[in-house]
Amino acid sequence: MIEFKGVKKEYPGGNVALDDFNLRIDRGEFVFVLGHSGAGKSTFLKLILHEEMATEGKIVVNGYDFTRIKNRQIPYMRRSLGVVFQDFRLIPTMTAYENVAFAMRVTNVPERRIRSRVPYVLNLVGLQDRARSYPAEMSGGEQQRIALARALVHSPPIIIADEPTGNIDPELSVEIMELLCAISKVGTTVVVVTHEQELAAQFHQRTVYIDKGRVVSDSCPVPSRPTFLAHGTGEASR
Amino acid sequence: MSISGFRYLTKQGLSNIARNKLMSFASIGVLTACLVITGVAALMSLNVGKFVDYLGAQNKVIVYLKLDADDATIESAKQAIGGVPNILSSTYVSKEDALNETKSWISGYDNGAYANVLDGYEGDNNPLYASFRVTVDDLSKIKDTVAELAKLPGVDFVDAPSDLAGTLVSLKRAVNIGGWGLVAVLAAVSLVVIHNTIRITVFARRKEINIMKFVGATNGFIRLPFLVEGTAIGLISAALAFGVVSGAYIGVLEAVSRAGTGWLSSLYFTIVDYNSVWSLLLGVFLVSGALIGGVGSAASIRRHLKV
């Protein structure tokens, strides 16, 4: 699914963000990637998204080997990822509905399918009533959930969430994490990049610690079933 | 790309014009201004060219026949002149016509004080030459034409405004090079200004483009709405510029036609007719507007697609 093998990333100016970075995340796993500011989390994400290229080493995401990937393949690789950005990255000129639908439109999904799927996903994140609102008219938490809906809408095999709870209140944070856990149960790989150790600790999932550009710890999940999974979350939990 | 996808992106491009009102307004304003300036320069160049042609046509070459030329000689000279290349038209002026013209000219001079000075020069006493007044087609070849006319049977000598013709030829060349050069420079300046305006528009929306890239949009998918938007802005600007230039041109034509007498009224027949130029003007405006707007905006986003 996601494989980093001996990856080094050195930025112009000599700043080494990742060095001999090795990590393998398999299908259906739920992984927290933890680290302090400057540990290399953002570079890790940028490399997965092919926003930056590794200086050394091999990266494979969903079968796309980044040492061999062609420019025209990059959009298709990105479509296999659902990304929730820390700063949401919603298109300000589009309504919540349009923002979510856009991720389907780029993959040429027929309009009829978009019309049925988008309201369903908006309902899943509890924002069916905000479909016509623009990002500027919504709170940080609502925007975060729209970003999550956009990441989920085309059912990608990998969901990557960058500080998904960074801009929302603790109650909503748990709700969003519950949703992500439920999604991973149906075979979707979920990678949550965060600096909130307490949040990660609540969910008993695989946790990877990054420090100074290297994986310093990779703990296995505690074999217990979190209580929140009992609630179920609609289509994604089926 | 599916038809519904194409329809969606086209709609997006058109609605982006309304969404980005300020930048759309700025782009339309700049593009319209550039097209108006370029159009006015092109029309002026066309008109100056036509005026120079008109001046050239006013300058006649006079082919004087020998004093003893009889009717047969005159007829054969007429035939021979018709066979010389570069002749647009020729008019025969008999000895009598020449005398009458001269009398008419003299009688108008100094309140008719010399009106009778040519009395008695009629008939066999007429000292004036019969002639052909010839208009040449291409003034730049006037010297060769005059040389050929001088060799014709029955011709005594040829009077031609060769120096003036040379001046007019140079003037026309200057108008062609200067006028169209000015149009080219203005078009180039317009392109730079429009390119920068579109770049600012695109720069303001770089975040939007960036987001599109990260949700997996292909470059073509991102570019199409910008292409539609740019082309639509170009076509709107072209229509506005056509309206402004046409209105102004028709206004000038009406002012000249109302002038009645004087030098301004004499210009009327030398001005390029609106009916013969409007379709060309509209076509050039629409094509260049659509190309500048469409290609300009599609090219401007290229830099932001490299993510």
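**A tour from the core to the chain contact**

Start by selecting A:Val33, A:Val100, A:Val121, A:Ala149, A:Ile160, A:Leu180 and A:Val191: these have the most contacts inside the largest nonpolar core, which has 105 residues. A nonpolar core here is a set of buried Ala, Val, Leu, Ile, Met, Phe, Trp, Tyr and Cys residues joined through C-beta atoms within 7 Å. Buried means 20 or more other C-beta atoms within 10 Å of the residue's own, with C-beta atoms placed from the backbone.

This is a predicted model, in which local features need pLDDT of at least 70 and side-chain atom pairs count only at pLDDT 80 or more, while totals for chains, interfaces and linings use all residues. Residues are numbered from 1 along each chain as its sequence is written, and chains are lettered from A and ligands numbered from 1 in the order in which they are written.

Helices are DSSP runs of H or I, at least four residues, and strands are runs of E, at least two, numbered from the N terminus.

Go back to A:Ile160. Leaving out residues up to four places away in sequence, A:Ile160 touches A:Leu45, A:Ile48, A:Leu81, A:Val83 and A:Val191; touching means C-beta atoms within 7 Å.

A second, separate core of 19 residues can be found through B:Val136, B:Ile142, B:Leu149 and B:Leu168, which are among its members.

Now turn to the contact between the chains, with 19 residues from chain A and 15 residues from chain B. On the chain A side, select α2 (74-79) and α3 (96-105), which each supply at least two residues. The largest share, four residues, comes from α2(A).

Notes. Two residues are in contact if their C-beta atoms, placed from the backbone, lie within 7 Å. A residue is buried if 20 or more other C-beta atoms lie within 10 Å of its own, exposed if 12 or fewer, and partly exposed in between; C-beta atoms are placed from the backbone.
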